[in-house]
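Start with the ring pairs, then move to the core.

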Amino acid sequence: MSLPGLDRRAVLGSALALSACGPKAASQPAPVNAPPLKTVAPFPVGTCVQAINLDDPAWTAIALDQVGQLTPEWQMKMEYIVQPDGSFRFDAPDRLAAFCQSHGLGLLGHTLIWYAQVPDAFAKLDEGRISFEQAYINYILAVAGRYRGKVVGWDVVNEPVAEDGEGWRDSLWSQRLGDFEHIALAYRTARQADPDAALLLNDYNLEYNPRKRATFLKLAERLLASGAPLTGLGTQMHVAADIPRGQITAMMRDLASLGLPVHVSELDVSIVRAKGWMTSRADLERRQLETYVETAEAFMALPARQRWAFTLWGLRDNQSWLKRENAADTPNLFDGQDRAKPALAALAKVFAG
Ligand code: G3I
(Lines give C-alpha, C1' and ligand atoms only; values in the text may rest on other atoms or scores of the structure.)
Protein backbone atom coordinates (compact mmCIF):
# COMPACT_ATOMS: atom_id res chain seq x y z
CA MET A 1 0.00 0.00 0.00
CA SER A 2 2.57 2.55 -1.18
CA LEU A 3 1.15 6.08 -1.43
CA PRO A 4 2.88 7.63 -4.48
CA GLY A 5 3.32 11.40 -4.40
CA LEU A 6 2.46 11.77 -0.70
CA ASP A 7 5.29 14.05 0.47
CA ARG A 8 6.78 14.04 3.89
CA ARG A 9 5.07 17.29 4.81
CA ALA A 10 1.69 15.72 4.02
CA VAL A 11 2.59 12.64 6.14
CA LEU A 12 3.68 14.74 9.05
CA GLY A 13 0.69 17.09 8.49
CA SER A 14 -1.70 14.20 8.81
CA ALA A 15 0.06 12.99 11.97
CA LEU A 16 -0.43 16.43 13.51
CA ALA A 17 -4.02 16.53 12.26
CA LEU A 18 -4.50 13.11 13.80
CA SER A 19 -3.19 14.26 17.14
CA ALA A 20 -5.59 17.23 17.04
CA CYS A 21 -8.64 15.05 16.96
CA GLY A 22 -8.30 13.24 20.34
CA PRO A 23 -6.78 9.97 21.65
CA LYS A 24 -8.60 7.52 19.29
CA ALA A 25 -7.35 9.30 16.18
CA ALA A 26 -3.98 9.87 17.86
CA SER A 27 -3.62 6.08 18.33
CA GLN A 28 -3.88 5.72 14.57
CA PRO A 29 -0.35 5.00 13.27
CA ALA A 30 0.95 7.65 10.85
CA PRO A 31 0.70 6.39 7.27
CA VAL A 32 3.98 4.81 6.13
CA ASN A 33 5.43 6.22 2.95
CA ALA A 34 7.60 3.56 1.30
CA PRO A 35 8.34 2.36 -2.23
CA PRO A 36 7.18 -1.22 -2.90
CA LEU A 37 9.88 -3.70 -1.83
CA LYS A 38 10.14 -5.31 -5.25
CA THR A 39 10.92 -1.93 -6.87
CA VAL A 40 13.98 -1.26 -4.72
CA ALA A 41 15.40 -4.73 -3.96
CA PRO A 42 18.25 -5.89 -6.26
CA PHE A 43 16.92 -9.46 -5.93
CA PRO A 44 13.50 -11.15 -5.96
CA VAL A 45 11.23 -10.40 -3.02
CA GLY A 46 8.64 -13.03 -2.25
CA THR A 47 5.83 -14.08 0.03
CA CYS A 48 3.81 -17.23 0.70
CA VAL A 49 0.43 -17.84 -0.93
CA GLN A 50 -2.63 -20.06 -0.68
CA ALA A 51 -5.12 -20.52 -3.54
CA ILE A 52 -7.78 -18.83 -1.40
CA ASN A 53 -5.68 -15.64 -1.36
CA LEU A 54 -6.17 -15.27 -5.11
CA ASP A 55 -9.86 -14.58 -4.49
CA ASP A 56 -9.03 -11.79 -2.05
CA PRO A 57 -8.54 -8.42 -3.80
CA ALA A 58 -6.90 -6.93 -0.69
CA TRP A 59 -4.31 -9.71 -0.70
CA THR A 60 -3.60 -9.48 -4.45
CA ALA A 61 -3.35 -5.68 -4.26
CA ILE A 62 -0.67 -5.80 -1.57
CA ALA A 63 1.14 -8.83 -2.97
CA LEU A 64 1.29 -7.62 -6.57
CA ASP A 65 2.50 -4.26 -5.31
CA GLN A 66 5.24 -5.59 -3.05
CA VAL A 67 6.60 -8.90 -4.37
CA GLY A 68 7.76 -10.55 -7.58
CA GLN A 69 7.80 -14.17 -6.37
CA LEU A 70 5.45 -16.54 -4.54
CA THR A 71 5.91 -19.71 -2.44
CA PRO A 72 2.86 -21.97 -1.97
CA GLU A 73 2.28 -22.08 1.78
CA TRP A 74 0.95 -25.69 1.75
CA GLN A 75 -0.67 -26.72 -1.55
CA MET A 76 2.50 -27.89 -3.30
CA LYS A 77 3.25 -30.29 -0.45
CA MET A 78 2.39 -33.98 -0.15
CA GLU A 79 -0.36 -33.12 2.39
CA TYR A 80 -2.29 -31.49 -0.43
CA ILE A 81 -1.15 -33.37 -3.56
CA VAL A 82 -1.15 -37.02 -2.41
CA GLN A 83 -4.64 -38.49 -2.12
CA PRO A 84 -5.53 -41.41 0.16
CA ASP A 85 -5.68 -43.71 -2.88
CA GLY A 86 -2.20 -42.64 -3.92
CA SER A 87 -3.35 -40.48 -6.82
CA PHE A 88 -2.21 -36.86 -7.10
CA ARG A 89 -4.34 -33.73 -7.23
CA PHE A 90 -3.00 -30.51 -8.79
CA ASP A 91 -5.99 -28.15 -8.92
CA ALA A 92 -4.66 -25.64 -6.36
CA PRO A 93 -0.97 -25.70 -7.41
CA ASP A 94 -2.02 -25.40 -11.08
CA ARG A 95 -4.02 -22.32 -10.15
CA LEU A 96 -1.08 -20.81 -8.29
CA ALA A 97 1.23 -21.53 -11.23
CA ALA A 98 -1.23 -19.96 -13.67
CA PHE A 99 -1.56 -16.87 -11.46
CA CYS A 100 2.21 -16.47 -11.40
CA GLN A 101 2.47 -16.98 -15.16
CA SER A 102 -0.24 -14.39 -15.86
CA HIS A 103 1.32 -11.81 -13.51
CA GLY A 104 4.95 -12.40 -14.43
CA LEU A 105 5.76 -13.67 -10.95
CA GLY A 106 8.36 -16.27 -10.03
CA LEU A 107 7.09 -19.41 -8.28
CA LEU A 108 9.17 -21.40 -5.81
CA GLY A 109 8.00 -25.00 -5.41
CA HIS A 110 7.71 -25.82 -1.70
CA THR A 111 8.43 -28.61 -0.87
CA LEU A 112 9.00 -32.06 -2.49
CA ILE A 113 10.33 -34.06 0.50
CA TRP A 114 9.68 -33.23 4.15
CA TYR A 115 10.23 -35.47 7.21
CA ALA A 116 6.99 -34.02 8.65
CA GLN A 117 4.76 -35.19 5.79
CA VAL A 118 4.58 -38.91 4.97
CA PRO A 119 1.16 -39.69 3.46
CA ASP A 120 -0.50 -43.04 4.12
CA ALA A 121 -0.17 -43.78 0.44
CA PHE A 122 3.56 -44.14 1.13
CA ALA A 123 3.37 -45.51 4.67
CA LYS A 124 1.03 -48.27 3.53
CA LEU A 125 2.49 -48.74 0.05
CA ASP A 126 1.77 -52.09 -1.63
CA GLU A 127 5.37 -52.92 -2.42
CA GLY A 128 4.28 -55.96 -4.35
CA ARG A 129 3.07 -53.47 -6.95
CA ILE A 130 5.86 -50.88 -6.82
CA SER A 131 9.03 -50.48 -4.78
CA PHE A 132 9.20 -47.71 -2.17
CA GLU A 133 12.14 -46.14 -4.01
CA GLN A 134 10.28 -46.14 -7.33
CA ALA A 135 7.20 -44.57 -5.72
CA TYR A 136 9.45 -41.88 -4.19
CA ILE A 137 11.10 -41.21 -7.56
CA ASN A 138 7.76 -41.20 -9.38
CA TYR A 139 6.37 -38.59 -6.99
CA ILE A 140 9.28 -36.21 -7.56
CA LEU A 141 9.23 -36.77 -11.33
CA ALA A 142 5.46 -36.20 -11.46
CA VAL A 143 5.42 -33.01 -9.38
CA ALA A 144 8.65 -31.35 -10.46
CA GLY A 145 8.01 -32.49 -14.03
CA ARG A 146 4.55 -30.95 -14.09
CA TYR A 147 5.86 -27.51 -13.12
CA ARG A 148 8.99 -27.66 -15.24
CA GLY A 149 9.51 -24.19 -16.69
CA LYS A 150 6.83 -22.79 -14.38
CA VAL A 151 8.94 -22.62 -11.23
CA VAL A 152 12.17 -20.75 -10.54
CA GLY A 153 13.19 -23.46 -8.13
CA TRP A 154 12.27 -26.05 -5.53
CA ASP A 155 12.83 -26.54 -1.82
CA VAL A 156 13.67 -30.13 -2.70
CA VAL A 157 14.22 -31.30 0.90
CA ASN A 158 12.77 -29.30 3.79
CA GLU A 159 14.14 -29.37 7.36
CA PRO A 160 16.71 -32.19 7.00
CA VAL A 161 18.57 -31.48 10.26
CA ALA A 162 17.47 -32.82 13.66
CA GLU A 163 15.97 -30.30 16.09
CA ASP A 164 19.01 -30.32 18.37
CA GLY A 165 21.36 -30.06 15.42
CA GLU A 166 22.90 -33.45 16.15
CA GLY A 167 22.57 -35.33 12.88
CA TRP A 168 19.68 -35.55 10.45
CA ARG A 169 15.96 -36.03 10.82
CA ASP A 170 14.63 -39.53 11.23
CA SER A 171 11.68 -40.17 8.91
CA LEU A 172 10.11 -42.93 6.85
CA TRP A 173 12.13 -41.51 3.97
CA SER A 174 15.44 -41.95 5.81
CA GLN A 175 14.42 -45.32 7.27
CA ARG A 176 13.44 -46.77 3.91
CA LEU A 177 15.97 -45.09 1.60
CA GLY A 178 18.89 -44.16 3.84
CA ASP A 179 19.46 -40.94 5.79
CA PHE A 180 21.81 -39.41 3.21
CA GLU A 181 20.71 -41.43 0.14
CA HIS A 182 17.07 -40.28 0.24
CA ILE A 183 18.26 -36.66 0.20
CA ALA A 184 20.80 -37.11 -2.62
CA LEU A 185 18.25 -39.13 -4.63
CA ALA A 186 15.70 -36.35 -4.28
CA TYR A 187 18.11 -33.80 -5.81
CA ARG A 188 19.17 -36.07 -8.66
CA THR A 189 15.53 -36.88 -9.45
CA ALA A 190 14.40 -33.25 -9.26
CA ARG A 191 17.16 -32.31 -11.70
CA GLN A 192 16.04 -35.10 -14.04
CA ALA A 193 12.50 -33.68 -13.92
CA ASP A 194 13.55 -30.05 -14.35
CA PRO A 195 16.98 -29.24 -15.85
CA ASP A 196 16.71 -25.52 -15.07
CA ALA A 197 15.10 -25.07 -11.65
CA ALA A 198 17.20 -23.97 -8.68
CA LEU A 199 17.36 -26.85 -6.20
CA LEU A 200 17.48 -25.63 -2.61
CA LEU A 201 17.98 -27.17 0.83
CA ASN A 202 15.80 -25.40 3.43
CA ASP A 203 15.82 -25.37 7.23
CA TYR A 204 15.01 -23.29 10.32
CA ASN A 205 16.60 -22.15 13.63
CA LEU A 206 19.88 -21.74 11.80
CA GLU A 207 20.19 -18.29 13.43
CA TYR A 208 19.40 -19.65 16.89
CA ASN A 209 21.37 -22.92 16.91
CA PRO A 210 24.99 -22.81 15.66
CA ARG A 211 25.30 -26.61 15.94
CA LYS A 212 22.24 -27.04 13.73
CA ARG A 213 23.74 -24.56 11.28
CA ALA A 214 27.05 -26.45 11.20
CA THR A 215 25.26 -29.76 10.57
CA PHE A 216 23.19 -28.11 7.82
CA LEU A 217 26.34 -26.82 6.11
CA LYS A 218 28.09 -30.20 6.45
CA LEU A 219 25.11 -31.86 4.78
CA ALA A 220 25.27 -29.31 1.95
CA GLU A 221 29.00 -29.94 1.52
CA ARG A 222 28.43 -33.70 1.44
CA LEU A 223 25.70 -33.32 -1.17
CA LEU A 224 27.99 -31.19 -3.34
CA ALA A 225 30.85 -33.65 -2.89
CA SER A 226 28.54 -36.51 -3.92
CA GLY A 227 27.66 -34.65 -7.12
CA ALA A 228 24.05 -34.05 -6.07
CA PRO A 229 22.79 -30.93 -7.93
CA LEU A 230 22.25 -28.73 -4.87
CA THR A 231 22.22 -25.10 -6.05
CA GLY A 232 21.23 -23.01 -3.01
CA LEU A 233 20.54 -22.81 0.72
CA GLY A 234 17.29 -21.64 2.33
CA THR A 235 17.09 -20.25 5.85
CA GLN A 236 13.48 -19.98 7.00
CA MET A 237 13.98 -17.35 9.69
CA HIS A 238 10.87 -17.71 11.84
CA VAL A 239 12.41 -15.52 14.54
CA ALA A 240 11.23 -13.63 17.61
CA ALA A 241 11.61 -9.86 18.03
CA ASP A 242 14.02 -10.29 20.96
CA ILE A 243 16.59 -12.31 19.03
CA PRO A 244 20.00 -11.08 20.23
CA ARG A 245 21.70 -8.62 17.88
CA GLY A 246 24.34 -10.10 15.63
CA GLN A 247 23.02 -13.69 15.57
CA ILE A 248 21.33 -13.21 12.20
CA THR A 249 24.42 -11.53 10.74
CA ALA A 250 26.64 -14.39 11.97
CA MET A 251 24.26 -16.94 10.46
CA MET A 252 24.14 -15.20 7.09
CA ARG A 253 27.92 -15.03 6.91
CA ASP A 254 28.22 -18.74 7.73
CA LEU A 255 25.59 -19.75 5.22
CA ALA A 256 27.39 -17.81 2.50
CA SER A 257 30.69 -19.55 3.28
CA LEU A 258 30.02 -22.37 0.77
CA GLY A 259 29.64 -19.84 -2.03
CA LEU A 260 26.09 -21.02 -2.78
CA PRO A 261 23.17 -18.63 -3.29
CA VAL A 262 21.21 -17.99 -0.08
CA HIS A 263 17.44 -17.63 0.26
CA VAL A 264 15.77 -15.97 3.22
CA SER A 265 12.83 -18.27 2.66
CA GLU A 266 10.10 -17.78 5.31
CA LEU A 267 10.85 -14.62 7.30
CA ASP A 268 8.53 -13.46 10.01
CA VAL A 269 9.34 -11.74 13.30
CA SER A 270 7.06 -12.84 16.10
CA ILE A 271 6.15 -10.51 18.95
CA VAL A 272 4.48 -13.06 21.19
CA ARG A 273 7.32 -15.57 20.94
CA ALA A 274 9.54 -12.92 22.52
CA LYS A 275 10.00 -13.00 26.28
CA GLY A 276 7.92 -10.52 28.28
CA TRP A 277 5.87 -9.60 25.23
CA MET A 278 2.86 -8.72 27.31
CA THR A 279 4.66 -6.03 29.27
CA SER A 280 6.80 -4.37 26.63
CA ARG A 281 4.93 -4.59 23.35
CA ALA A 282 6.01 -1.12 22.13
CA ASP A 283 9.62 -1.98 22.87
CA LEU A 284 9.26 -5.30 21.07
CA GLU A 285 7.75 -3.63 18.02
CA ARG A 286 10.86 -1.45 17.87
CA ARG A 287 13.00 -4.60 18.23
CA GLN A 288 10.89 -6.24 15.53
CA LEU A 289 11.73 -3.43 13.13
CA GLU A 290 15.41 -3.68 14.04
CA THR A 291 15.32 -7.44 13.43
CA TYR A 292 13.88 -6.94 9.95
CA VAL A 293 16.59 -4.35 9.32
CA GLU A 294 19.42 -6.59 10.57
CA THR A 295 18.16 -9.40 8.33
CA ALA A 296 18.02 -7.10 5.31
CA GLU A 297 21.45 -5.60 6.01
CA ALA A 298 23.03 -9.03 6.50
CA PHE A 299 21.46 -10.22 3.24
CA MET A 300 22.48 -7.08 1.35
CA ALA A 301 26.04 -7.62 2.59
CA LEU A 302 26.24 -10.89 0.64
CA PRO A 303 27.84 -10.89 -2.81
CA ALA A 304 25.07 -10.09 -5.33
CA ARG A 305 25.38 -13.53 -6.93
CA GLN A 306 24.57 -15.15 -3.57
CA ARG A 307 21.38 -13.14 -2.92
CA TRP A 308 18.89 -15.67 -4.32
CA ALA A 309 15.66 -14.15 -2.93
CA PHE A 310 14.13 -12.61 0.18
CA THR A 311 10.77 -14.16 1.11
CA LEU A 312 8.34 -13.11 3.82
CA TRP A 313 6.11 -15.83 5.26
CA GLY A 314 3.06 -13.65 4.79
CA LEU A 315 2.65 -9.89 4.30
CA ARG A 316 -0.42 -9.29 6.45
CA ASP A 317 -0.66 -9.98 10.18
CA ASN A 318 -4.16 -11.33 9.86
CA GLN A 319 -2.98 -14.12 7.55
CA SER A 320 0.00 -15.34 9.49
CA TRP A 321 0.26 -19.03 10.41
CA LEU A 322 1.43 -17.72 13.81
CA LYS A 323 -2.09 -16.47 14.52
CA ARG A 324 -3.07 -20.12 14.94
CA GLU A 325 -0.49 -20.33 17.69
CA ASN A 326 -1.47 -16.99 19.29
CA ALA A 327 -4.05 -14.61 17.84
CA ALA A 328 -2.27 -11.66 19.49
CA ASP A 329 0.81 -12.07 17.32
CA THR A 330 1.66 -9.39 14.74
CA PRO A 331 4.73 -10.76 12.90
CA ASN A 332 4.34 -9.28 9.43
CA LEU A 333 4.77 -5.94 7.65
CA PHE A 334 1.08 -5.01 7.27
CA ASP A 335 -1.12 -4.71 10.35
CA GLY A 336 -4.63 -6.00 10.99
CA GLN A 337 -6.07 -3.11 8.95
CA ASP A 338 -3.60 -3.75 6.10
CA ARG A 339 -1.66 -0.62 6.96
CA ALA A 340 2.05 -0.80 6.24
CA LYS A 341 4.23 -0.77 9.35
CA PRO A 342 7.38 1.37 9.70
CA ALA A 343 9.32 -1.91 9.31
CA LEU A 344 8.26 -1.96 5.66
CA ALA A 345 9.80 1.47 5.04
CA ALA A 346 12.91 0.42 6.96
CA LEU A 347 13.29 -2.69 4.80
CA ALA A 348 12.77 -0.70 1.61
CA LYS A 349 15.44 1.78 2.72
CA VAL A 350 17.98 -1.01 3.27
CA PHE A 351 17.12 -2.70 -0.03
CA ALA A 352 17.47 0.62 -1.85
CA GLY A 353 21.03 0.68 -0.52
O1 G3I B 1 -7.34 -24.60 4.39
C2 G3I B 1 -7.59 -25.92 4.86
C3 G3I B 1 -9.00 -25.99 5.35
O4 G3I B 1 -9.89 -25.87 4.23
C5 G3I B 1 -9.20 -27.34 5.98
O6 G3I B 1 -10.50 -27.37 6.53
C7 G3I B 1 -8.17 -27.49 7.12
C8 G3I B 1 -8.31 -28.82 7.81
O9 G3I B 1 -7.65 -29.80 7.10
O10 G3I B 1 -6.83 -27.42 6.56
C11 G3I B 1 -6.61 -26.16 6.01
O12 G3I B 1 -5.37 -26.21 5.46
C13 G3I B 1 -4.29 -25.99 6.37
C14 G3I B 1 -3.38 -24.94 5.72
O15 G3I B 1 -2.20 -24.74 6.54
C16 G3I B 1 -4.05 -23.61 5.55
O17 G3I B 1 -4.34 -23.02 6.72
C18 G3I B 1 -3.50 -27.29 6.50
O19 G3I B 1 -4.32 -28.26 7.17
C20 G3I B 1 -2.25 -27.04 7.33
O21 G3I B 1 -1.46 -28.23 7.37
C22 G3I B 1 -1.42 -25.93 6.64
O23 G3I B 1 -0.36 -25.64 7.54
C24 G3I B 1 0.82 -25.13 6.88
C25 G3I B 1 2.00 -25.89 7.50
O26 G3I B 1 3.23 -25.33 6.99
C27 G3I B 1 1.97 -27.37 7.15
O28 G3I B 1 2.08 -27.51 5.76
C29 G3I B 1 0.93 -23.65 7.22
O30 G3I B 1 -0.11 -22.93 6.54
C31 G3I B 1 2.27 -23.11 6.75
O32 G3I B 1 2.45 -21.76 7.18
C33 G3I B 1 3.39 -23.97 7.34
O34 G3I B 1 4.61 -23.49 6.79
C35 G3I B 1 5.79 -24.12 7.27
C36 G3I B 1 6.75 -24.28 6.10
O37 G3I B 1 6.16 -25.04 5.11
C38 G3I B 1 8.03 -24.91 6.55
N39 G3I B 1 8.60 -24.17 7.66
C40 G3I B 1 7.75 -23.89 8.80
C41 G3I B 1 6.46 -23.23 8.32
C42 G3I B 1 5.55 -22.93 9.50
O43 G3I B 1 5.15 -24.11 10.13
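**Rings and core**

The count comes to 16 aromatic pairs, where rings of Phe, Tyr and Trp (its six-membered ring) pair if their centres lie within 6.5 Å; planes under 30 degrees apart are stacked, over 60 edge-to-face, the rest tilted. The model is predicted: local features need pLDDT of at least 70 and side-chain atom pairs 80 or more, while totals for chains, interfaces and linings use all residues. Numbering runs from 1 along each chain as its sequence is written, and side-chain values use heavy atoms, without hydrogens and water.

Take F88 and F90. Their ring centres are 6.3 Å apart and their planes stand at 80°, so the pair is edge-to-face. F88 is partly exposed at 30% relative accessibility. F90 is buried at 12%. Buried means under 20% relative accessible area, exposed over 50%, partly exposed in between (1.4 Å probe, protein chains only).

F122 and W173 are also edge-to-face, because their centres lie 5.0 Å apart with planes at 80°. Both are buried. One aromatic cluster includes F88, F90, F122 and W173.

Charges meet rings too. R89 lies over the face of Y80, 3.5 Å from the ring centre. Here CZ of Arg or NZ of Lys must be within 6 Å of the centre and within 35 degrees of the ring normal. K212 has its charged end over the ring of Y204, at 3.6 Å from the centre.
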